[in-house]
Amino acid sequence: MARAYDHRSIEEKWQARWRDEGTYEVDNDDPRAKFYALCMYPYPSGPAHQGHVRNYTFGDLVVRYQTMRGRAVLSPLGFDSFGLPAENAAIRTGTHPRIFTDARIAELKESLVRLGAVYDWRREVRSHDPSYIHWNQVIFLRLLKAGLAYRASAPVNWCPGCQTVLANEQVLADGTCERSGDVVVVRDLEQWFFRITAYADELLDSLGELDWPERVKVMQRNWIGRSEGAEINLSVVGRPDLTLTVFTTRPDTTFGMTYAVMAPEHPLVDEVTTEDCRAGVDELRARVTGASEIERTATAEAGPALDKRGAFTGSYVVNPMNEEQVPLYVADYVLMGYGTGAIMAVPAEDKRDWAFAQAYGLPIVRTVAPPEGWDEQGGGAYAGDGVKINSGFLDGLGVADAKRQAIEHLERMGHGRRTVNYRLRDWLVSRQRFWGCPIPIVYCPADGAVSVPEDQLPVLAPTDVEFLPTGQSPLAHHEGFLHTTCPRCGGPATRETDTMDTFVDSSWYFLRFCDPFDAAAPFDATAATHWMPVDQYIGGVEHAILHLMYARFFTRALIDVGIAPLDLGREPFRRLFTQGMIRMGGSKMSKSKGNLIAPARYYETVGADALRLFHLFVGPPTDDFDWTEQTDEVIEGCGRFLDRLWRLVESASAGEGRDGDLSAADLEVRRATHRTIAQVTSDIERWSYNTAVAHCMEQVNLLQRYAREGSHAEVLAEGCDALLLLLAPMAPHVTAELWERRHGDHLHARPWPEHDSSLVLEETVTMVVQVNGKVRERLEVAASIGEEEARAAALASPRIQEALSGGAPLRVVARPPRLVNVVTA
RNA sequence: GCGGACGUGGCGGAACCGGUAGACGCGCCGGGUUUAGGUCCCGGUCCCUUCGGGGGUGGAGGUUCGAGUCCUCUCGUCCGCACCA
């Protein structure tokens, strides 16, 4: 595409200027009001893709805009540089992950620089830097000391493909690994955990105060999954030594319990299973425990018939409300991982229990009267509110009251207690991988798991490792790394070979950015309290749950263990913006799908400014965008717009236009200029970048016409200057160049333009006159027109008189100066 | 199944408080410049029309002087969670 200017040399020139002059470097003692703008730091996978371009264009716009607004803007960037791809590449090619990763970082960084995105690169943080590893390990040990990290044997999600443990969050709904797609199986392993559940209530409650997208908050709320209810202890008939504890959110329905169910993995299953029932129970357990998540999940719909999904244990438990003995089953629809792994089954008020009861011919007793006509309309379990029945002392109450009284009764009788249950699990951080932050622990035959003393940190992975496709971390075979001495007794010991989940790294990097120069602490307390919280955080929705929840947890935990100062706010991200995805043919544009359209070619053809403008213009930033065959034409359209801007401003700079007094037409142009300033400013404030660009386009069209039809030099100059200032955060290179050619100074050091409010209001406006809601006339009237005048002007119009055809108006609604509606019927 | 978001021209989208529906751009049509193509410039572009108008924001109702916008129902698309007791 032929351009009106040489975008390549201009973009190169300004990128060098911003770098060499340190335009966007900011010191911790900067006296201006602070603004912390942060884009989620990227995993370095090579040159930027369109998703990065979109993300970092938004972020860069915020940085440049807030800078022009006079703020000291902290704009750091780093790299989430630990992770599987580098390790897989190492196995494939024999290259050390560090070499591979550093090369990818260099590529990504270069393509972000070419986009014109500006950062204080002095603050760059990379997860695999020894200093970052050091502080990561210090944090781990402090959490351990405070009891917020612990080691436990737990059933974990094991991915046979990745040969590693996955967090629940990394297992997809169909039971496959989110990374490799392999079917995940369950195994028991000794693992390290972070006690995020200790913060469940706080993480839930303080969601309310965040200026975040509602859907992200909803997702976090659901993920924490707080539910209030009771634990009830059921005695097992004939086994006074055993108690089966169940969790329920409906203690009011206990009278309706007609059986009980335990998960197949429940530890008491063997104890309660009688000899004649053992075969059936074992068969069920064999199917379930050997099964992968995918098979088990599949049973919900496509699996074995319902009557194959449970087995009678041969034992009975006692309903504490009415002393009745009810059968105890094992069934796969009860999960060991939630609540107590056992339930009291109330088929009348729970649809899963209802279906199971039907399949096994178990009795159903309603304890809430369903609404009129319930059974006629299909019946089944009724989980709604209503009057309690068949429930002894609860009869006649509503559900809420009955819950309260049922719990009180159970507590009084010693049969149970009020509890709160969460869906949220503790965070499993162990990974059987090389390319991650080593867990600083040593195992001693005498002393057990011992912390590596802080003065011996960081524990770094050795560099002389061989990467073999064994599926096991090279750390586990590296004799030099593995064997050490116990810090406590000095005897021979072995190192922990697991590394930390990379979500640990991303849980505090925003704090490190405040003061990455500090060699004595992860960050300086004063610097952190100065810059935090992040005023604007920008990233993809895919991090709505994991990263954002872990970071919120970490910020609190770091304060509570004394690493972060007490006066640091407990919420790290004040405002969150989540951008839409770029899709192609319905699926996400990604490397793995092979449908990437590299930004680099556009840097050559139309330039970074045009590409940025395209990403801003094409639709609301929150919306997904479909990349189609038409897209290149839209990008070229953005290039054409910049060409028109160039020609317009250059001709104005050449001194086009007359002197002397302003005509009415000149004044109109001034008004348009100030209206544009007001509109674009408010568009940017409310993240409506697509309309901000549109308003600038409109203004270019207007000034072009104005210049052609005879302009006043000062009015044209004012219009052009405003346009350059408004476009500066969006298309930073070309506007800076045009500005320099006009004024000789640096556009990005200028303050944001202010509109003159006396010029924003139009002098005359088009007033619409409706008859019965239909537009019948448009009149040019003074913007200051009053209600009576407007009414009179409307009724005086011949076209309105004609439309009324003599009929008298019943009512006239006047909303001056925009509209008058004459009502006749 | 539960929770959330959203349905507007050929396309991406605009309409912020209930007040001119379709800004801006892409595409398309016509004209000018040009030997021609491209670029650039000008004009047109929701549908129907007997040129008076009439219809129109997924569909059906409702509130209102007035509804893309608010309410009820309904259909469809997308996203998240999903045997959570």
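In this predicted model, a polar side-chain atom of R640 lies 2.8 Å from a phosphate oxygen of RNA strand B. At V618, a backbone N or O atom is placed 2.7 Å from a sugar or linking oxygen of RNA strand B. At Q630, a polar side-chain atom is found 3.4 Å from a base nitrogen of RNA strand B.

These contacts belong to a wider surface. RNA strand B is surrounded by 50 residues, of which T249, R309, R352, R708 and R778 are the closest. Of the atoms of RNA strand B that come within 4 Å of the protein, 62% are accounted for by sugar and phosphate. Sorted by class, the surface near RNA strand B comprises 20 charged, 18 nonpolar and 12 polar residues. Helix α22, residues 689-708, supplies the largest share of that surface, with 8 residues.

The structure holds 46 aromatic pairs, and one of them joins F58 and Y689, with ring centres 5.8 Å apart and planes at 40°. Planes under 30 degrees apart would count as stacked and planes over 60 as edge-to-face, so this pair is tilted. Because F58 lies in helix α2 (residues 50-68) and Y689 in helix α22, the pair ties together parts that are 631 residues apart in sequence. What relative accessible area does Y689 have? The value for Y689 is 1%, and the residue is therefore buried; F58, at 0% relative accessibility, counts as buried as well.

A second pair is formed by F614 and W627. Their ring centres are 5.6 Å apart and their planes stand at 80°, so the pair is edge-to-face. F614 belongs to helix α19 (residues 608-617) and W627 to strand β24 (residues 625-627); the pair links distant parts of the chain, 13 residues apart. F614 is buried, with a relative accessible area of 0%, and W627 counts as buried at 3% relative accessibility.

One aromatic cluster is formed by F140, W192, F194, Y199, W427, F503, Y550, F553 and F554. Elsewhere, the charged end of R64 sits over the ring of W18, at 4.0 Å from its centre. R423 likewise lies over the face of W223, 4.2 Å from the ring centre.

Technical notes
Residues numbered from 1 in each chain as written. Chains lettered and ligands numbered in written order. Predicted model: local features only at pLDDT ≥ 70, side-chain atom pairs only at ≥ 80, totals over all residues. Heavy atoms only, no water. Near = heavy atom within 4 Å. Polar contact = N/O pair within 3.5 Å; in protein donor to acceptor, adjacent residues only side chain to side chain. Helix = DSSP H or I, 4+ residues; strand = E, 2+ residues; numbered from the N terminus. Nonpolar A, V, L, I, M, F, W, Y, C, P; charged D, E, K, R; others polar. Phe/Tyr/Trp six-rings, centres within 6.5 Å; stacked < 30°, edge-to-face > 60°. Buried < 20%, exposed > 50% of the residue type's maximum accessible area, 1.4 Å probe, protein only. Lys NZ or Arg CZ within 6 Å of the ring centre and 35° of its normal.
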